[in-house]
Amino acid sequence: MFKKILIANRGEIAVRVIRACRDMGIISVAVYSEADRDSMHSNIADESLCIGGAMAKDSYLNLRAIITAAQISGADAIHPGYGFLSENTVFVKLCEENNIKFIGPNAKSIALMGNKAEAKIMMQKSGVPVIPGSDGAVYNLPEAEDICDKIGYPVMIKASGGGGGRGIRLVSDKNALKNAYNMCKAEAKASFGNDDIYIEKFIENPRHIEIQILADEHGKIIYLFERDCSLQRRHQKIMEEAPSVFMDENLRRKMGDAAIKATKAANYFNAGTVEFLVDKNKNFYFMEMNTRIQVEHPVTEFITGIDIVKQQIKIAAGEPLELAQSDVKLLGHAIECRINAEDPDKNFAPCPGKITELNVPGGPGVRVDSAVYQGYNIPPYYDSMISKLIVFGNNRDEAIARMRRALAEYLFEGIITNVDYQIELLSTEEFQTGDFNINFVDEYNKRRRENING
């Protein structure tokens with residue numbers, strides 16, 4: 001087992017990994033930017049090192065600075081968290097070259113699953129259902145026109161190296177194709193340094209359901225049921241729950257088996273998530289694989305009792321999975337709300353600033369993954385998510401009731417957050433009945449804006 005782990009991240013996920021290290025008796029090393037000098041993760045870790053300026057490119061994306069910090073501190077492993085360098089193959093190779101264990105998959109698996117077009121081809125060959133569309137990347141407009149005519153409109157144009165909801169365009173008819181194609185390629189180039197795009201048939205009103213997997217370095221793979229991530233604003237997740245109210249045991253087993261097939265095809269190990277779109281008739285289609293810990297992993301931890309971050313560390317240390325698929329039991333229902341420093345009434349504009357007063361919810365079935373505290377100054381340089389509020393209940397109704405209670409207790413002064421907005425979503429008839437899809441939040445926000453504007 002590792003003696004010392006450096007966490008190459010910030011915020012709540014850095015705190016989460018530090019806590020796992022402490023539980024396991026492993027020394028934790030935090031790295032922080034100049035803007036994060038007073039951050040929680042830099043203060044609670046066993047050791048802390050400043051790695052650069054406030055901008056992410058000067059600190060959390062500075063590969064050499066992080067490797068140097070690991071060497072100076074004597075860390076024998078690096079946990080990347082999510083975002084930043086978590087799916088950067090150059091960084092993974094740098095870790096290998098410097099004899100530092102990267103807590104995650106190898107560079108080859110990350111590259112393979114990071115190219116969405118190539119991953120789709122591999123899934124097809126492995127018998128995993130995929131959305132009809134192009135066979136790999138599309139390199140010119142005439143080719144795009146031919147594919148769209150063949151599969152029929154509407155279609156989705158997506159960046160091959162995409163993620164985070166960027167590099168995606170919905171095209172309803174042939175007249176809109178040229179503009180959408182050019183815009184998608186430009187956004188892909190700007191966001192990912194790669195303008196390759198691919199095309200898929202648009203699945204009408206699907207649900208976004210993902211399967212959490214654990215795979216050790218000895219070939220054993222299990223799945224930890226599903227998460228429903230359909231509540232999204234412009235392809236960005238807002239609220240997640242597990243299990244999905246839409247699922248039945250037969251579909252759960254089929255999707256779990258498909259996730260394991262996908263994992264085997266990629267020769268993948270460590271924690272990962274296989275994401276699917278599921279239509280109203282419960283047909284499911286592979287969308288992508290995230291080769292890292294997910295923001296929403298706590299809901300899976302609640303419903304299974306399995307600590308995913310600890311499992312990541314054990315797998316990276318070469319330990320075989322002690323769990324069999326039959327050991328994974330569904331214990332109840334969990335919901336996660338992402339708490340952001342943003343103003344829902346002003347098109348969700350970020351709201352950095354000082355938290356002058358703070359009351360954090362608690363009580364039975366409540367978990368708060370956060371890196372903020374009273375008096376903390378939220379910097380303007382990073383993502384607006386400041387906390388995750390997660391609740392657990394014996395069933396969905398109890399989980400909803402607990403989330404209502406917890407959100408009502410979560411009080412901030414000095415900044416604007418989306419807490420009240422989350423209460424609104426939780427109170428809608430669509431959420432209460434489980435009758436929603438990935439378009440619901442955007443439709444709700446449109447109605448909400450109309451009401452605000454009179």
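Modeller: A salt bridge here is a side-chain nitrogen of Lys or Arg within 4 Å of a carboxyl oxygen of Asp or Glu. Please keep in mind that this is a predicted model, where local features need pLDDT of at least 70 and side-chain atom pairs count only at pLDDT 80 or more, while totals for chains, interfaces and linings use all residues. Residues are numbered from 1 along each chain as its sequence is written, and side-chain values use heavy atoms, leaving out hydrogens and water.

Searching the whole structure gives 31 salt bridges. One of them joins the side chains of D46 and R22, with N and O 3.1 Å apart. These two residues come from distant parts of the chain, 24 residues apart: R22 belongs to helix 1, and D46 to the loop between helix 2 (40–44) and strand 3. (Helices are DSSP runs of H or I with at least four residues, strands are runs of E with at least two, and both are numbered from the N terminus.) D46 is partly exposed at 43% relative accessible area, and R22 is also partly exposed, at 44%; buried means under 20%, exposed over 50%, and partly exposed in between, using a 1.4 Å probe and protein chains only.

Now for the sheet around this pair. Its 5 strands are arranged in the order 3-2-1-4-5, open and with parallel pairing; two strands pair if DSSP finds at least two bridges between them. Strand 3 (47–52) and strand 5 (101–102) each have a single partner strand, so one side of each has no neighbour in the sheet. Strand 2 (residues 27–33) runs parallel to strand 3 and is joined to strand 3 by 5 bridges, with Y32 standing opposite C50 of strand 3. Helix 3 (residues 63–73) lies across strand 1, strand 2, strand 3 and strand 4, at about 150 degrees to strand 3.

Further along the chain, follow R338. A salt bridge connects the side chains of R338 and E240, 2.8 Å from N to O. Since R338 sits in strand 14 (residues 333–340) and E240 in strand 11 (residues 236–242), the pair ties together parts 98 residues apart in sequence. Both ends are buried: R338 has 11% relative accessibility, and E240 has 0%.

R338 also forms a salt bridge with E296, the closest N and O atoms lying 2.9 Å apart. E296 is in the loop between strand 13 (284–290) and helix 10 (297–304), so this pair ties together parts 42 residues apart in sequence. E296 is buried too, at 1% relative accessible area.

Key:
Contact = heavy atoms within 4.5 Å. Axes fitted to C-alpha atoms, helices over the stretch in contact; angles between N-to-C directions.
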